[in-house]
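These are my notes from going through the model by chain and by element.

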Amino acid sequence: MSDKKERIILDVAYQPQVRTAKDTKRLMLDVIIALIPAIIVGVLQFGLYPLVLLLTGVCSAVFWEWGYRRLFKKEASIGDLSAALTGLLMGLTMPPSAPWWLPVIGTFFGIVVVKQLYGGIGKNFLNPALAGRAFLFSSYATIMATWSVPNALSGTIDGTTMATPLSGMYGEGLPAYFTAKSMFMGYLPGCIGEISAFALLLGGAYLIWRNVISWRIPVSFIGTVALLTLVFGKSGYSNGQWMLYNLFSGSLMLGAIFMATDYATSPVTLNGQLVYGVGCGLLTVLIRYFGGFPEGTTYAILIMNLCTWAIDKAFHRHQFGVSKADIAFKKAEKLAAKEAAKYE
Amino acid sequence: MTHTFKGGVHPNYMKAPQVPISVVTPPPQVVIPMIQHIGAPCKPLVAKGDYVKMGQKIGENPAPVSAPVHASVSGTVVAVEPRPHPLGDMIMSVVIENDYQDTPCDDLAPLTEEELKSPEAILNRMREAGVVGMGGAMFPTAFKVRSGIGKVDKLVINGAECEPYLNGDHLTMLNYPEQLLKGIELVRIASNVDKAYYGIEINKQDAIDLLNSHHPEQYGIEIVPEAVKYPQGGEKMQIKAVTGREVKPGGLPAGVGCNVVSTRTCYAIYQACYEGKPVIERIVTVGGSALDGPHNALTRVGTPLGYLAEQCGGFVKDPRKIVLGGPMMGICATSFDAPTIKGTAGVLFFTEKEDRMVENPQCIRCGKCITVCPMNLEPVFMYMYYSKGDYENLEKYHVMDCFECGSCAFNCPARMPLTHAFKTAKLMFQAKAAKEKAAADAKAAKEAQK
């Protein structure tokens, strides 16, 4: 026993000596799990081809990340699943009929330009998947705005493509085959992963239950959109209807639950998260009402990403043990000292 | 309804109060360090060759912030020399060869009925018996209680035992309820307050029920059930949960009229006053994945850690770390020869399994450190400024408010060494402040000479 003790080199570290089992990889895996309902709805509505887009998205994202880190002799980082998640989100924001190579270009922009050039995980200031999508949106505008008919509407619609509910709502009017309920379930054209509010809310509930994200950003984001569309309705729709149509169309749910909550690009302070969510909601509604595109979620989130740092700086928590009265007293004291200095 | 604070984490508790208290055979040689408290180190009162009795005072310092130390066995002093200390470093210690007679020393007689009602007698006895904060902080209790008299209107007793693994407080409540309540009453009398609030986490419901059945109200004690959350047992969190008050930054609990005393300390005070027994043993939870356990071992102060492990069945795997106290705030011992001391609530022999460190951690900015910080700090930014060497901003983000509970680093999915960084930064600030004070003092002395 005693000679054995001699061999043992003791590790001396500061506290804590134990850590939670939930690491970065597990968090990313939880987000991927939360996306499964949305993937299932996508496959049910658009067939098996969307799986090819998801696969090329994931594989290319992992490949770019691996290749960049290897080329520049940096530590491998694909094991944390963050690149795989970016690729999956990129695939889910593709139109169902997009060519297979489109996500490959999007992930190159997202992973290499937006994420790795700024130092990798946690250092990027734009959401890589959304930035990649914005890049594709301006480079391949036609492909990115061609919407296949979902299986649920294939009997109603002639042809293979159709317009999204949003372009109807802000154009000549919403066709009668869209109801709030059918939109909630995902019986509408759109990107692979964005169509079913139901599936996305299910994923969001899982993420909040698993403590992966907090309720603050999704609730303040969706709540702001709901409030604004309820107050500023449109003629021809009841205010409640108009609000529900707005909530269940476009990429609002996908954006609010999975994109705006991206760790690196959203505020970490608690009040800051609420402000950020309200800002996202406000910009989304502004772009939908007055902007050039029918959908505003992508750009709303990207713009708020850029404000994250400033928001975090502006919304500190109160210091433990310092009450509002203490702060007021200190301010008054400072002011009095200033006044006194004037008379000297 | 349970009381609690904002933030905090839920570690894997690994508690084993069902394991009965086992008595560890005292070692052939005990090592009693002269520092087992915060404050002035004791000076040895014995020399090599002296015979000492169990409970005899062997080290003392007359400074107000200090606590004497006592022999935990009877026998012959074989050395008075620096020995490895559990908190690192070599510290002057008295080594006693155990004669296994446990010949008691009757220097401290039990207090009389009258003395048990006198704050002064109780305070003197606390000091004489070497009672310190046995939750781990090891601040001399007599000094703490004395300096709170007149300022403190709410006495808070800490029974949260929120650290994983540790069972000592829980077992004390279950095995000695009557004695514990009497001990708390003594602290209450010494503090000159009418009521003591005993905060206990509800994972010890059996203990709460048992204590309530002993009519705590007749001792002037109210039991406050608390939510199960780490760091509920932190001094500031305990005050917040029980009274709703927040201790001022850099201030003492007495500043908001509170004092916090731990369960085990109250029991030690009972033993000192009713039985005339100084602090020479305590329940130490011995656990961790390196040995077959856990054990709730009644251990004499001065038992070497390696001997303790052998007594608890020996190692089944090579340990990588020896943690003293709980795993959240406990620090690592540097030697198997270091002894247990008064503040050692647990000795955990950990392998690689527990700490889950990674080599090159990358912050993912998830902000989970912010949601769990009980002090409302923002560790993610503090760490950023720390690694940049921007100490001005680090201070602006109130790094000095951090009491190193480890919640942020525990909860960090990226495994950033957050608490480590803040502890380092705090030590640096303290060193800087001490240097500035020394310079100012020197300048003042020079002026005075002129």
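I took helices (H or I, at least four residues) and strands (E, at least two) as DSSP runs, numbered from the N terminus. With that, I placed Pro99(A) in the loop between H5 and helix H6 (102-115) of chain A.

The model is predicted, and local features need pLDDT of at least 70, side-chain atom pairs count only at pLDDT 80 or more, and totals for chains, interfaces and linings use all residues. Residues are numbered from 1 along each chain as its sequence is written, with chains lettered from A and ligands numbered from 1 in the order in which they are written.

**Pro99(A).** I call a residue buried if 20 or more other C-beta atoms, placed from the backbone, lie within 10 Å of its own, exposed if 12 or fewer, and partly exposed in between. Pro99(A) counts as partly exposed because it has 14 C-beta neighbours inside 10 Å. I also looked up Gln116(A), 17 residues apart from Pro99(A) along the chain; their C-alpha atoms are separated by 25 Å.

**H4 and H5, chain A.** Helix H4 (residues 49-71) and helix H5 (residues 82-92) of chain A pack at an angle of about 145°, their axes 7 Å apart. Axes here are lines fitted to C-alpha atoms, for helices over the stretch in contact, and angles run from 0 to 180 degrees between N-to-C directions. I count two residues as in contact if their C-beta atoms, placed from the backbone, lie within 7 Å. Contact residues of H4(A) include Leu53(A), Gly57(A) and Glu65(A), and those of H5(A) include Ala84(A), Gly87(A) and Met90(A).

**H16, chain A.** H16(A) is hardly covered, with a count of 0 buried residues.

**Sheet in chain B.** I found an open sheet of 4 strands in the order E11-E10-E9-E12, with parallel pairing. Strands pair if DSSP finds at least two bridges between them. Strand E11 (221-226) and strand E12 (258-262) of chain B are the edges, each pairing on one side only. Neighbouring strands are turned by 25° against each other on average, direction ignored. Strand E9 (residues 154-159) of chain B pairs with E12(B) over 5 bridges, and Leu155(B) stands opposite Asn259(B) in E12(B).
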